[in-house]
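Please take a moment with the sequence and the structure before reading on. The paragraphs that follow move from single residues to the parts of the chain they belong to.

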Amino acid sequence: MGFRAAVVVCSTSFLLGALFTHWIVDSLTLWKSPVTDQNLWTAASYYAILFKGPIQLHYLLASVVTIGATTILWSLRDGEAGNLMFDGGSIFLFATTIAMYSYSVIPNILTVFTSLPAHQANDVVPTDLRSTILELASNNLICSVALTGVLGLQAGRFWAENSTDDDEVELVDTDQRSKSPPLESGAESS
C-alpha cells in the first residue's frame, strides 16, 4: 500500500471513529422503539456537551478532513485508470460526507444545541428538537456508511493493484520459461 492510500485509510478511519462515538446516543434514537422522551433528552444533552467541547477538537477534526480530502485529490491527479475509478468514488463519498456535515449537522448543532431548555428526564421533548435529534442521528449514520464506502474502495484499489502485480509476475515467469532452451537428455540424467 502506498503512502497516499495509507493516509486516506488512516484519516477516514479516524473520522469513522469520531462518528462512532455518537453511536452512544444515536442508537437510542435510531434503533430503539418506541423513541422515548428520556432517550431524546439524553441525545440532546450529549449534543449540547459536544457543542461546548474544546475548540481544539473541532480544529483537529477539520485538519483530518482536509488531509484526507487533499490526499484523495492528489491520488486522482495521477490519471491512472485505477485511481480514476477508486479515488473518484472515494472523492464522491468523502465530499458527500463533508457536504452533509457542513450544510446539515454543524448548523443544527450550532443553532439548536447552544442552550437547552430546562427539563426533567421524562418531560415532553418539543417537536422541533425531536426532529433535529432524529435528523442528526440519521445524518451521522449516512456519513458513517459513506466513509465505510471510502474504506471499501481503498481496499478494492489495493486488491486490484496487487492482483495486477501478481499477474505481471506470472506473465514474466511464463515468458522466461518459454524463452529458455530445453534441457538436453544428458543433462537430465546427471
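**A walk through the helices**

Asn39 lies in helix H3, in what should be read throughout as a predicted model. Is Asn39 buried or exposed? With a relative accessible area of 15%, Asn39 counts as buried, because this value falls under the 20% limit for that class. Once its neighbours within four places in sequence are set aside, the residues in contact with Asn39 are Leu28 and Lys32.

A second residue to look at is Ala160, which is found in helix H6, the run of residues 127-179. Along the chain Ala160 and Phe86 are 74 residues apart, yet their C-alpha atoms are separated by 9.8 Å.

The largest pocket has a volume of about 910 Å³. It is lined by 29 residues, of which Leu57, His58, Leu61, Tyr101 and Ile106 are the closest to its centre. Which helices supply at least two residues each to the lining of the largest pocket? They are helix H1 (3-20), helix H3 (37-51), helix H4 (55-76) and helix H5 (81-112), and H5 gives the most, with nine residues. Sorted by class, the lining of this pocket consists of 23 nonpolar and six polar residues, with no charged residues.

Finally, the record can be set beside the model. An unreviewed UniProt entry places the feature "transmembrane region" at residues 57-76 and 88-106. In the model, residues 57-76 are 100% helix and 0% strand, with the end C-alpha atoms 29 Å apart. Over residues 88-106 the chain is likewise 100% helix and 0% strand, and here the end C-alpha atoms lie 26 Å apart.

Technical notes: Residues are numbered from 1 along each chain as its sequence is written. This is a predicted model: local features need pLDDT of at least 70, side-chain atom pairs count only at pLDDT 80 or more; totals for chains, interfaces and linings use all residues. Side-chain values use heavy atoms; hydrogens and water are left out. UniProt positions are given in the numbering used here, feature names are shortened, and annotations may be inferred rather than shown by experiment. Helices (H or I, at least four residues) and strands (E, at least two) are DSSP runs, numbered from the N terminus. On a 1 Å grid over the protein atoms alone, a cavity is a set of points where a 1.4 Å probe fits but cannot get out, and a pocket is an open set with protein on both sides within 12 Å along at least five of seven lines; lining residues have an atom within 4 Å of a point. Grid points are joined across faces, edges and corners, and a volume is the space filled by probe spheres set on the points. Ala, Val, Leu, Ile, Met, Phe, Trp, Tyr, Cys and Pro count as nonpolar, Asp, Glu, Lys and Arg as charged, and the others, Gly among them, as polar. Buried means under 20% relative accessible area, exposed over 50%, partly exposed in between (1.4 Å probe, protein chains only). Contact means heavy atoms within 4.5 Å.
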